[in-house]
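Please consider the structure shown below together with its sequence. The account that follows leads from the overall fold to individual residues.

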Amino acid sequence: RTVFLLLPAAPAGSHSHSVRHIVLIAWAVTEIARYPYYIWNTSGACKALRFAVPMVTFPIGAGFEFISAWLFLQDKEVMDSALTMAATGMLATNSIGGLMAYPGMVNKGLQALTGNKQF
């Protein structure tokens, strides 16, 4: 993920160090919740877990990726144009794209939790 390029080797205790850990934890929890669905996809509990967990982890992960890009762009010493473009792209993707994707994600999560088979 781009967030790990934007915040390289941050010392423990710094804001960017904490941001990277939160993004990594959100990503890991999402993936751990997805795998049972792909292994035992006939289970209703696995489907509910797979679609419901991102309703919580997605805003956390996307939000902290946005924060990481913002922190990166605030660093006046960084002048690498490729990374600056990546950080700017993350700001757009995680704000506009996240707002557009999240309602559908919540809809699928709620359908999975209620047992509705419309997706």
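This is a predicted model: local features need pLDDT of at least 70, side-chain atom pairs count only at pLDDT 80 or more; totals for chains, interfaces and linings use all residues.

Residues are numbered from 1 along each chain as its sequence is written, and side-chain values use heavy atoms, with hydrogens and water left out.

The protein chain contains 4 helices and 0 strands, where helices (H or I, at least four residues) and strands (E, at least two) are DSSP runs numbered from the N terminus. Read from the N terminus, the order of elements is α-α-α-α. Of the 119 residues in the protein chain, 34% are buried; buried means under 20% relative accessible area, exposed over 50%, and partly exposed in between, with a 1.4 Å probe and protein chains only. Among contacts (heavy atoms within 4.5 Å) with a separation of 6 or more, 59% join residues 24 or more positions apart.

Helix H3 (residues 44-74) and helix H4 (residues 81-114) have axes that come within 9 Å and cross at roughly 160°. Such axes are lines fitted to C-alpha atoms, for helices over the stretch in contact, and angles run from 0 to 180 degrees between N-to-C directions. H3 and H4 are therefore roughly antiparallel to each other, the term for angles over 145 degrees. The residues of the contact of H3 with H4 comprise 23 nonpolar, 7 polar and 3 charged. Here Ala, Val, Leu, Ile, Met, Phe, Trp, Tyr, Cys and Pro count as nonpolar, Asp, Glu, Lys and Arg as charged, and the others, Gly among them, as polar.

The largest nonpolar core consists of 5 residues, namely Ala69, Phe72, Ala87, Met90 and Leu91. A nonpolar core is a set of buried Ala, Val, Leu, Ile, Met, Phe, Trp, Tyr and Cys residues joined through side-chain atoms within 4.5 Å. H3 and H4 are the elements that give two or more residues to this core, and H4 gives the most, with 3 residues.

Thr84 lies in helix H4 and is partly exposed, with a relative accessible area of 26%. Leaving aside neighbours within four places in sequence, Thr84 is in contact with Phe72 and Leu73. Leu73 is 11 residues from Thr84 in sequence, with a C-alpha to C-alpha distance of 6.9 Å.

Gly115 belongs to the segment after H4 and is partly exposed, at a relative accessible area of 47%. The C-alpha atoms of Gly115 and Gly44 are 7.6 Å apart, although 71 residues separate them along the chain.

How values were computed:
Angles under 35 degrees count as roughly parallel, over 145 as roughly antiparallel, 65 to 115 as roughly perpendicular and the rest as oblique.
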